[in-house]
Amino acid sequence: MPIQTKFTCNRDSNDSLSVYSNHGGKDVIVSVEINDNYQDIYFDIPTAIKFAKTLRTEINKIKEVKNV
């Protein structure tokens, strides 16, 4: 059974983001649900790590602008 983590959007909707692995943990899949529409994005492990770091950097930039 694949590992799965689910994040639910904080706004008034059923939008969500799920992250799970398949193929024996070789791939990471990000599944996005917006307004009952689904889209899966497949990453190999190194790309998933780079994506997560880039996302964190961009969020920190947004937080810095809000604190100015």
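These legends walk through a few views of the predicted model.

View 1. Helices (H or I, at least four residues) and strands (E, at least two) are DSSP runs, numbered from the N terminus. The C-alpha trace spans about 45 × 30 × 15 Å along its principal axes. Of the 68 residues, 16% are buried, where buried means under 20% relative accessible area, exposed over 50%, and partly exposed in between (1.4 Å probe, protein chains only).

View 2. A salt bridge is a side-chain nitrogen of Lys or Arg within 4 Å of a carboxyl oxygen of Asp or Glu, and the structure holds one. Because Lys61 and Glu58 are three residues apart in helix α1, about one helical turn separates them. Lys61 is partly exposed, at 44% relative accessible area, and Glu58 is partly exposed too, at 38%.

**View 3. Ile59 in helix α1.** Take a look at Ile59, which sits in helix α1 (residues 45-67). Ile59 is partly exposed, with a relative accessible area of 42%.

**Notes for all views.** Residues are numbered from 1 along each chain as its sequence is written, and side-chain values use heavy atoms, leaving out hydrogens and water. In this predicted model, local features need pLDDT of at least 70 and side-chain atom pairs count only at pLDDT 80 or more, while totals for chains, interfaces and linings use all residues.
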